[in-house]
Amino acid sequence: MTASSRAVRGRLLSFRDDPAVVGAEGYDFIEDGLVLMVEGRIADVGAAEEVMPRLDAATPIDHYPDALILPGFIDIHIHYPQTQVIASYGAQLLDWLERYALVEEQRFAEPEHCAQVAAFFLDELARNGTTTAMVYCTVHPQSAEAFFAEAHRRNARMLAGKVLMDRNAPPDLSDTAEQGYADSKALIERWHGEGRQLYAVTPRFAVTSTEAQLEAAGTLLKEFPDCYLQTHLSENHREIETVRALFPWAESYTGVYERFGLLGPRSVFGHCIHLEDSERPLLSESRSVAAFCPTSNLFIGSGLFDLARAQDPAMPLRVGLATDVGGGTSYSMLSTLAEAYKVLQLQHQNLPALQGFYRITLGNARALGLEDKIGRLAKGGEADIVVLDAKATAAMAHRYARVETLEEELFLLMTLGDDRAVRATYIAGDPVHSRQDG
Ligand SMILES: [Zn+2]
């Protein structure tokens, strides 16, 4: 056994499939389980009484008898340069960008600022139990360089990309189609597949890219077909009208991205709230992913994501769940589940707790096509783990006294939980956060 072995013991919960589709077959729950992590991977997992005899006596065991041990959470849409504009008052999308986000993002010309914020951001994700995220940087290549360098130093599986914007943006935040292409390509060659890092080609949205730039983004995806794409789509009515004016030839907003080859199974589209009927087949048939970001959609006043519609068996969309900080108001995927539940309630839909926890673990891993690496407590998988405490606050402990089932405990966690409910986080087998650390 090597020095980098460590085990965690407690109540294990891991999903094998979507409980909405397969019911109780979709998950494994072990009341007293143990996960052995060796060299960043899960080397053994099962009931403690079975796994313990196989352990080397020197292996340290972190025991959490009351806690729930799950795969680390995954957030498929978040902006690391917006950690100091989260909680900015009183504007809808286009004004919010102009007044707050695009002012703050100009600070990222400074590599030192990028490095400082990247470190804060990755600390904050770990405090919230999020071990993988798909991240927007700024237009500055140094913002992506700093982010990848810090994520790589921590051995955290992250997806990120330099934003592309060559119109309708402040001069200090504008690139050109050629420069954006060249900078993205250099970053892909440096970082895509380096350790656990993955690159996402990142046009901010159709409003801020010329046709030449969207075409260059499509060229990058053709040249590097295992890279990802992330952008925004159909978040706000004024945004949609602007896209219609900028691309009069397009049948729809989605049609703009389709024209330039940006749809596909590795493409993640933030929001997709106000889709027209004609846009759904384009997204469904290309197996593109919609990112549902409830705290952001409520805070910016964008609208209610219609999950039932997205899951229409006749034309299903792949959907992931995300925070969208800083339009979103919490880094916590637990708080995000709470708001997702409320957004769905307003439309007479629901989100059972088991489905919620599936979504923020294996479901989001599948949305990113990374289910063979992350999102499960399975032998051979990457050892990213979150440890949750359903009695983290006085109010939670008080409510917990009436909890009788796993589903009730999970629903308590998703309704009242936040970073305080995260007892510990492990990335690639290493403890990176424990609540005692503050
Ligand atoms: Zn966003």
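## Contacts of Tyr-80

Leaving aside neighbours within four places in sequence, Tyr-80 is in contact (heavy atoms within 4.5 Å) with Phe-108, Cys-114, Val-117, Ala-118, Phe-121, Val-135, Tyr-136, Cys-137, Ser-143, Ala-146 and Phe-147. This is a predicted model, in which local features need pLDDT of at least 70 and side-chain atom pairs count only at pLDDT 80 or more, while totals for chains, interfaces and linings use all residues. Residues are numbered from 1 along each chain as its sequence is written, and side-chain values use heavy atoms, with hydrogens and water left out.

## Nonpolar cores

A nonpolar core is a set of buried Ala, Val, Leu, Ile, Met, Phe, Trp, Tyr and Cys residues joined through side-chain atoms within 4.5 Å; buried means under 20% relative accessible area (1.4 Å probe, protein chains only). The largest such core has 111 residues, and Tyr-80, Phe-121, Phe-147, Val-201, Tyr-257, Phe-357 and Leu-388 have the most contacts inside it. Helix α3 (residues 93-104) gives the most to this core, with 7 residues. Another core, of 17 residues, lies apart from it and includes Ile-74, Leu-159, Tyr-228 and Cys-293.

## Helix α4

Helices here are DSSP runs (H or I, at least four residues), numbered from the N terminus. The expected span of a helix is 1.5 Å times one less than its number of residues. For the 17 residues of α4 (residues 111-127) this gives 24 Å, which agrees with the 24 Å between its end C-alpha atoms.

Among the buried residues of α4 are His-113, Val-117, Phe-121 and Leu-125. After α4 comes Gly-129, with a positive phi near 80 degrees.

Note on methods:
Helices (H or I, at least four residues) and strands (E, at least two) are DSSP runs, numbered from the N terminus. Buried means under 20% relative accessible area, exposed over 50%, partly exposed in between (1.4 Å probe, protein chains only).
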